[in-house]
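Student: Let's go through this one together, please, and spell out the cut-offs as they come up.
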Amino acid sequence: MSYSVYSYYSRGHVLENVENGTEQCASWLLLPAENLWNVGVRAFIYILAILYLFLGVAISSDIFMGSIETITSKKRTIVTWDAEKEEKHEREVLVWNETVANLTLMALGSSAPEILLATIEMIFTLGDTEPADSLGTFTIIGSASFNLFVISSICVVSVSSPEVKYVKEFGVFIVTTIWSVWAYVWMLLVVQYISPGIVEPWEAWVTLLYMPMFVLNAYAQDCGWWCKKCKKTKVDMEEEEENDAIRVFTHHARKGSITGHAVPGQELHMLEAAHRNKTHQLSDQTDTESIDSKHGVSKHGDTKVFARASKPGPRPLHSRAKFRHAVVSAMTGHKPTKRHGSAGKTRMSDIVSAVQGIQDVSKKGLMPSSKNLGALFYFPYIVDDQLYGKFTFSSQVYEVLESKGQLEIDILFHRKIPQSKSSGGLQIMNGQTVMMNETAVDQKFKDVSVEYETREGSAKAGSKFKYTSGTLKFAENEYKKTVTIPIIQDNQYTGNADFFILLKNPSSGAGIGDPSVGRVNIVDDDAPGEFQFQDSHVFAKDGKITVKIIREKGYDGKVTLEYSTHDVTAVGGESLKENDYVAVDHSHIEFKHQEKFKTIDVKVNKEAKFEHGQGSKSFIVTIKNPSVGAKVGKTATCVCHINKESLDDRIADVVADMEEEEDITWGAQFYNAFSIGGEKDEEGNNITPKWHEFLLHFLTFFWKVVGACIPPTKYMGAWPAFVLSLLYIGVLTLFIQQLAGLLGCVIGLETSVTGITLIALGTSLPDTFASRTAAKQDEHADAAIGNITGSNSVNVFLGLGLPWVLATMYGIAIDKPYKVKTGNLTVSVIIFCVLAVICIATLILRRKLVGGELGGKNATVKWITSFLLFTLWITYIVLSSLRAYDIITW
């Protein structure tokens, strides 16, 4: 049983007999009477046409990505003010945040064919009453499965063993992964469960609005959810508040009061936290560092400092307790070391415990036991009210730069100044009044003395400071004495360290007040410097390659670096026999104090064998793991080239030109489109193109000429190139959509199967090659697989959100709901979600067990992982296809 279909044209008409139960193939691409052609010929032509269009999509997408790269590489100059140096600093920063750029413009560039296909298809099917499988929707799902399973599979084995590469921004990867799974779960909820078979307007808008939410979420993760910034800002505010109540006293302070206290000179900011090397601080010292900020200790320059609150009042008891606890912890957490004199016989904890007990003992009028004080102290049996006065330090904490050479510390005697009974009693420094007899009043003017001594902390006597001790005698009219402690400059960065100075054995009639123990923090201001290669590319000469490591931004102390070689195209080994160079693994190089550069020589094989057309072989040298305090600069890797002849300068110029961004003109674009080859060997001779290069040039010539018509990216910030290349992709996608429909009609291929196989494969191939290259050449796995989940999310949020919004808004206009066919779509999404979870779990498990998502020391494990991921894609294709042809029903 058949029926007739008439097609009328200006010069006649065509009559087709169509079998009952089948549909006529329809498209605006059809030629007159094309439906009457041989089915095999038509299928072959359609497949060739689609493949040819995929070449055009690849070229247009490349132009589109080039425009996006130009747009996202734009920089702006920001000016910051250094209040300490009182000067401006200018630096360039990217206008686009890297994460935002990757998830918006970059993802749009890689997903443009799928998004445009779904959008164009929706425009052409607006108003259709009977829902059908959407080629665009299934292309999005198929592309997601191919990207996640196949590209990941290829990237895993593309990294040569035993190298392992991991995703550096793992937090962002996890966020985008969760969103990519949720995107397809949301699609399932919309089409099957919330409103089965119908997409409501709010669902369409939510899908589209997920896109900015997704980008914002990833951006927040990239910024650490701004927690670090908030925390830093809060600390800065606290420091600023404390600095308002801090006075810093210089070495030349003037006497101003009866006690001889220095008069404040000027307010200074605290030294930057960069001077601290927390790695080499004692674990117990963390508590003492928190004490510093609480007491507002200034760390500026070479000044001797102590902090006082702008408003008088006692220090909090808990702060005092924490400080003393930190002292005890710092001093008893290490094995005893040899000390000067008798000091080595007693631990610092004994000293502090004894000092803490002085006030309680004196108040009770009791004699401290020898068990508590040992042989270190002798305090007379005197009630607190009968003391002449108390000895204290001017501050609990001091800081000094190592380069200063010495630190002066004031020791104060708070003498009780007597008054007659008729004047109301004795006035003491703290404002209290005590009634005393005349004999006691006369005794208040006697000479007194006190002993002082330094004790080691993390700073050791003889290496960081000189052991100092002595006795200070205060005449009846003296209230302050100054002790000088020599600080040793060792010209070697070891990080900050501290030691302690204590007061003991006051003379009869005097006591020890608070603070009686002072902590001195020596700020290590040695600058070991920053190390990097002088050149990013070097070339072989006279059987060796010499790389130069330079030292900048500081030359203090001895520094060691670790360096290694790594194969690229050259093969290294223990000897030059059958190898291109002598490999080096984890070797060390030492810079002496004030030494500014070193060179490394690597032996190379003068008779290295080169393949035909190969310009040079290369390997890389890397530096890492500098000594404490030193840093590695930007040029931490140097590419070493082994050439047939020594043409250092000539090749270096070529490499430099390659590294610079080429400023292509419009005319140059056409020249490149018409040209083939253009490569030169190391002697400067043209390399003859191979046969496959001629073939590819022939196949892509038309698309390259069309692409050359698009303005170069240097015009108007690359935005004309962005718009026109996107239009270029859209036109090609329109043809692909029509040809795919005709192909399915001719050979009976279901639309869903066409979308998840042929169309998805064609649109994803450029990304496949790009990811493979990134996996082999990039340091981490982010560029290879880190953007897959982001692209998959963008595919749904834009590729479905935008068409759904158009369809539902049109449905409101014509008062009809937008219906979708759910059978094949529901099953396909469920299968993909289950397999995607398995794939992601496998990658995370590899990170845990192997050390990274890509590569691995064990080649067998690497290939098994790749086979598993590829099997997931085959499973998805098979199960979805079986469901499309009703072989299995769920």
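Student: Cysteine 155 first: buried or exposed?
Tutor: Cysteine 155 is buried, with a relative accessible area of 0%, where buried means under 20%, exposed means over 50% and partly exposed covers what lies in between, using a 1.4 Å probe and protein chains only. Cysteine 839 is buried too, with a relative accessible area of 0%. Please keep in mind that this is a predicted model, in which local features need pLDDT of at least 70 and side-chain atom pairs count only at pLDDT 80 or more, while totals for chains, interfaces and linings use all residues. Residues are numbered from 1 along each chain as its sequence is written, and side-chain values use heavy atoms, with hydrogens and water left out.

Student: How many disulfides does the structure hold?
Tutor: The structure holds one, a disulfide being a pair of cysteine sulfur atoms within 2.5 Å. Its partners are cysteine 25 and cysteine 745, whose sulfur atoms are 1.8 Å apart. Because cysteine 25 lies in the loop between strand S2 (12-19) and helix H1 (39-72), while cysteine 745 lies in helix H15 (residues 719-747), the pair ties together parts that are 720 residues apart in sequence. Helices here are DSSP runs of H or I with at least four residues, strands are runs of E with at least two, and both are numbered from the N terminus.

Student: Left-handed or right-handed, that disulfide?
Tutor: The torsion about the S-S bond of cysteine 25 and cysteine 745 is about -95°, so the disulfide is left-handed. Cysteine 25 is buried, at 10% relative accessible area, whereas cysteine 745 is partly exposed, at 32%.

Student: And what span should H15 have at 1.5 Å a residue?
Tutor: The 29 residues of H15 should span 42 Å, and the end C-alpha atoms are 42 Å apart, which agrees; the expected span is 1.5 Å times one less than the number of residues. Just after H15, glycine 748 takes a positive phi of about 75°.

Student: Switching to charges, how many salt bridges are there?
Tutor: The count comes to 13 salt bridges, each needing a side-chain nitrogen of Lys or Arg within 4 Å of a carboxyl oxygen of Asp or Glu. In one of them, the side chains of lysine 464 and glutamate 402 meet at 2.7 Å, N to O. Lysine 464 counts as buried at 7% relative accessibility, and glutamate 402 counts as buried at 0%.

Student: Which residue does arginine 519 meet in a salt bridge?
Tutor: Arginine 519 meets aspartate 498, with 3.0 Å from N to O. Arginine 519 lies in strand S17 (residues 517-523) and aspartate 498 in strand S15 (residues 497-504), so the pair ties together parts that are 21 residues apart in sequence. Arginine 519 is buried at 1% relative accessible area, and aspartate 498 counts as buried at 1% relative accessibility.

Student: What about glutamate 530, which side chain does it meet in a salt bridge?
Tutor: Glutamate 530 meets lysine 553, at 3.8 Å from N to O. Elsewhere, salt bridges that share partners join Glu453, Arg455 and Lys504 into one network.

Student: Now the open sheet of four strands: what order does it have?
Tutor: The order is S25-S20-S18-S27, with mixed pairing, and two strands count as paired if DSSP finds at least two bridges between them. Strand S25 (597-603) and strand S27 (631-632) stand at the edges, each with a single partner strand, so one side of each is left without a neighbour in the sheet. Strand S18 (residues 530-533) and strand S20 (residues 544-552) pair in the antiparallel sense over four bridges, and phenylalanine 531 stands opposite arginine 551 in S20.

Student: Last one, where is lysine 857 placed?
Tutor: Lysine 857 is in the loop between strand S30 (854-855) and helix H21 (859-884), and it is exposed, with a relative accessible area of 70%. Its C-alpha atom is separated by 3.7 Å from that of proline 162, although the two residues are 695 apart along the chain. Leaving aside neighbours within four places in sequence, lysine 857 is in contact with Ser161, Pro162 and Val164, contact meaning heavy atoms within 4.5 Å.
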